[in-house]
Amino acid sequence: MGDVVGYERNGAAVVLTIERPWCRNAVDLATARELREGFEAFEADPEARVMVLTGAGGEAFCAGFDLKSDGLDVDDPAGPLGFTRLTPAKPTIAAVDGWCVAGGLELALWCDLRLATPASTFGCLERRWGVPLVDGGTQRLPRLVGIGRALDMILTGRPVAAEEALAIGLVTELVEPGAHLSRALELAERLAAFPQGALLADRRAAIEGSGLPLAEGLALEQRLGREALAGGEAGGAAHRLGEGRHGAGA
C-alpha cells in the first residue's frame, strides 16, 4: 500500500499493518493517509470479506498519534487517524500484541472484534499529555464497556492489562503469545464462510441500532432482516438438509 502501511490479501481477508515499529507504530499524517487508502481498497474489493488491522514489530499494535510529527488533520471528515469516523460495510478485527493506547486504542475500538496477547496493554494514555480523544474513543468505549468503566479509563488514563481488558469486554479473546495475527485470520475465514447477506444485515442492525430506542431498533432489524431473507433461500435449504446444525461451522 505504501511506505508505512502494509496491505496484503490473505484468503478472504485483507491484512492492514502499521509498519512504524521504531515509534511503537505511532501514526503521523502520512500513515493516516495510507490507512485511509488501505481501508478504501478493502471496501472496494468484493472478494475481501474481513479486514484485519495489526501493527508490526511485536512491541505495539499502535501507540496513537506520533507526538514528534508535524500533526494530524483533526477536521478530516474520515478521522485524524485515517478512517475512524467512517463505518466499514464489512467485519473488521484488531489483532493486538503489545501497546494499544491513545489513538491506537481508538483504532482497536473502531474494529468489530479485538484479539490480544497476554502481554498487551490498553489505555487512554493521551491523558498525560493533554491530548483529547478525537478518533471515536469517547463514543465507542462507553458503548463497549459501559459508561462507568469507560470514564475510569478516559479520566484516569491508567493502563489496563490484557486480563482486565478481557474481563470488562474490551477484548474479545486472549490468544497465545505471537498468535494474534494467525488467530485473527482463522476467525476472518470463519466469518467469510458464512452466508454474507444475513451476516452483514445482522452486523448493520447491531451497529446502527445500538443508539436507537428499542422500538426503532426492532424496526431496523425487521427491515434489514426481511431484505436478507429475500436472498436466503439457499441457506434455509442447506439448514433443512443438516448443514450448520448443532453449531457446526460456528
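Arg20 pairs up with Asp28 in a salt bridge (a side-chain nitrogen of Lys or Arg within 4 Å of a carboxyl oxygen of Asp or Glu), with 3.4 Å between the closest N and O atoms. This is a predicted model, where local features need pLDDT of at least 70 and side-chain atom pairs count only at pLDDT 80 or more, while totals for chains, interfaces and linings use all residues. Residues are numbered from 1 along each chain as its sequence is written, and side-chain values use heavy atoms, with hydrogens and water left out.

Arg20 is buried at 7% relative accessibility, and Asp28 is buried too, at 16% relative accessible area. Here, buried means under 20% relative accessible area, exposed means over 50%, and partly exposed is in between (1.4 Å probe, protein chains only). Asp66 joins in as well, and Arg20, Asp28 and Asp66 are linked in a network of salt bridges. By the rule above, the count comes to 12 salt bridges.

Now for the sheet. Six strands make up an open sheet with mixed pairing, in the order E1-E2-E3-E5-E7-E10. Strands (E, at least two residues) and helices (H or I, at least four) are DSSP runs, numbered from the N terminus, and two strands pair if DSSP finds at least two bridges between them. Strand E1 (5–10) and strand E10 (173–174) sit at the edges with a single partner strand each, so one side of each has no neighbour in the sheet. Strand E7 (residues 113–116) runs parallel to E10, and two bridges join them. In this pairing, Leu115 is opposite Glu173 of E10. Helix H6 (residues 180–193) packs on the sheet and touches E1, E2, E3, E5, E7 and E10, a contact being heavy atoms within 4.5 Å. The direction of H6 makes about 170 degrees with that of E3; axes are lines fitted to C-alpha atoms, for helices over the stretch in contact, and angles run from 0 to 180 degrees between N-to-C directions.

Glu173 also has a salt bridge with Arg183, at 2.9 Å from N to O. Since Glu173 is in strand E10 and Arg183 in helix H6, the pair ties together parts that are 10 residues apart in sequence. Glu173 is partly exposed at 24% relative accessible area, whereas Arg183 is buried at 16%.

Another salt bridge joins Arg203 and Asp112, with the closest N and O atoms 2.7 Å apart. Arg203 belongs to helix H7 (residues 196–209) and Asp112 to the loop between helix H2 (103–110) and E7, so this pair ties together parts that are 91 residues apart in sequence. Arg203 is buried at 13% relative accessible area, and Asp112 is partly exposed at 25%.
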